[in-house]
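Hello,

Here is the structure I promised to pass on to you. Please have a look at it first, and then read my notes below.

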Amino acid sequence: MNRLLSSLSRDMRQYLLVTFNYWNFTITDGALRMLVVLHFHALGYQSLEIAMLFLFYEFFGVVTNLVGGWIGARIGLNRTMNVGLAMQILSLCLLAVPSQWLSVPLVMFAQALSGIAKDLNKMSAKTSIKKLVSGGQQGRLYKWVAILTGSKNALKGAGFFIGGALLSLAGFRFAVLAMASVLAAVLCLSLLWLDKDMGKAKSKAKFSHIFSGQRSINILSAARMFLFGSRDVWFVVALPLYLSSVFDWSHSETGGFMATWVIGYGLVQGIAPKITGNQAGRLSAIVWAALLLAVSVLVAMGIQWQWHPQFTIVAGLLVFGAVFAINSSLHSYLIVSYAREDGASMDVGFYYMANAMGRLIGTVLSGLMFGIGGLAICLWISSLFIALTVIISLALPEDHDQPHSSAI
């Protein structure tokens, strides 16, 4: 492997290392989410109670993204990435305790660590690409971001399947221990080969700069918050519980469908530049958000009126996932493009703070509203959030290819 890496350019070598790191982390993140949802549902927990298990995961994701970019700018993205890996290993080990010790507070604490770990890792991976692509290569930047994001989500889908399968075949405790072992090996490789000063700002990053002063980033962050809230309001808790309780699907079947959805979503993200064209911007963000709104409304109507519910769920949400993937990939590219050259991690961290806030809102509403009105009401709330995304996107700047070195 050393020989293979040494034959590549420095930038490509670092990109592959970051991607490999991110891939492995993502598999465990997806598997852990499916394990917790299905395991605690089997123990008799209600939808809102399961959602609360993820409350700290999402809340600390908000906090981590807000301050993580500042930390990354000061100490380097390689360190924030490796700290994220170490915290995920600790989280998995905490969940591997004997079942009689596996209390709700312990699970919530472990999920809090996992939430911090996930967003440190994601922020580090996404921001590092900014450092590896020059400012004039916007098409290349879009492709690299799309490949990283798309492959990550395809593997997260694989993690859903692995989580459901491991729960059925080997049990909860063995699954989390196996994942912790894999991540420990990845951490060792990352410590050896990742550039030591990757992403460290040349000027001293000020804590007051964690809140973005760039209008373009603030608008995009608001749109991102509602976009991801629109997904998680039906995806995180409502959908797996609906599939297992209404359709009577097994753990493996539920995990398999969730995996297929996210894998397809990730594959579409990876080819987004071919669909939208390399020069994507404000108009693309508006058009694709409007298309997602139309799909969401149609699926919500189908579930509300019980029109072939299994077909509506399977086909409708697969189409939703494909269109959502284009929106997500466009946003991921735009934030990296908008971000400043020096201290980019703070801009990206602020943006992913909004992303995490959307996930937090969506997760809580997913458990709460599913218990009140089922999957249909979750999908109507999703449509409302997407409508807000469209409206906010209208305020995005026309030209995103602007100098990125201005101070906040």
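A salt bridge here is a side-chain nitrogen of Lys or Arg within 4 Å of a carboxyl oxygen of Asp or Glu. This is a predicted model, so local features need pLDDT of at least 70 and side-chain atom pairs count only at pLDDT 80 or more, while totals for chains, interfaces and linings use all residues. Residues are numbered from 1 along each chain as its sequence is written, and side-chain values use heavy atoms, with hydrogens and water left out.

With that said, let me start with the charged pairs. The search of the whole structure turns up 6 salt bridges. In one of them, glutamate 58 pairs with arginine 359, and their closest N and O atoms are 3.3 Å apart. Glutamate 58 sits in helix H4 and arginine 359 in helix H15, so this pair ties together parts that are 301 residues apart in sequence. (Helices, H or I of at least four residues, and strands, E of at least two, are DSSP runs numbered from the N terminus.) Glutamate 58 also forms a salt bridge with arginine 33, at 3.0 Å between the closest N and O atoms. Here H4 (residues 55-75) is linked to helix H2, so the pair ties together parts 25 residues apart in sequence.

Are these side chains buried or exposed? Glutamate 58 is buried, with a relative accessible area of 1%; arginine 359 is buried at 4%, and arginine 33 at 6%. (Buried means under 20% relative accessible area, exposed over 50%, and partly exposed in between, with a 1.4 Å probe and protein chains only.) Another salt bridge joins aspartate 232 to arginine 231, with 2.8 Å between the closest N and O atoms, and both of these residues are buried. Through shared partners, Arg33, Glu58, Arg231, Asp232 and Arg359 form one network.

Now for the overall picture. The chain has 15 helices and 0 strands, and 61% of its 408 residues count as buried. Of the contacts (heavy atoms within 4.5 Å) between residues at least 6 apart in sequence, 88% join residues at least 24 apart.

Glutamine 111, in helix H6 (residues 104-132), counts as buried at 1% relative accessibility. Beyond its neighbours within four places in sequence, glutamine 111 is in contact with residues including Leu32, Val36, Tyr57 and Ser91. Histidine 39 belongs to H2 (residues 10-42) and counts as buried at 19% relative accessibility. Leaving out residues up to four places away in sequence, histidine 39 touches Leu102, Leu167 and Phe172.

Leucine 368, by contrast, is partly exposed, with a relative accessible area of 34%. This leucine lies in helix H15 (residues 344-393). The C-alpha atoms of leucine 368 and alanine 238 are separated by 9.1 Å, although the two are 130 residues apart along the chain.

Finally, a word on confidence. The chain averages a pLDDT (the predictor's confidence in each residue, from 0 to 100) of 82, and 85% of the residues score at least 70. Over residues 400-408 the pLDDT is below 50, and this stretch has 27 contacts in the model beyond near neighbours in sequence. Where pLDDT is low, the predicted coordinates should not be read in detail. Among the helices, the mean is lowest in H1 (residues 2-6), at 56, and highest in H13 (residues 282-304), at 93.

Best wishes
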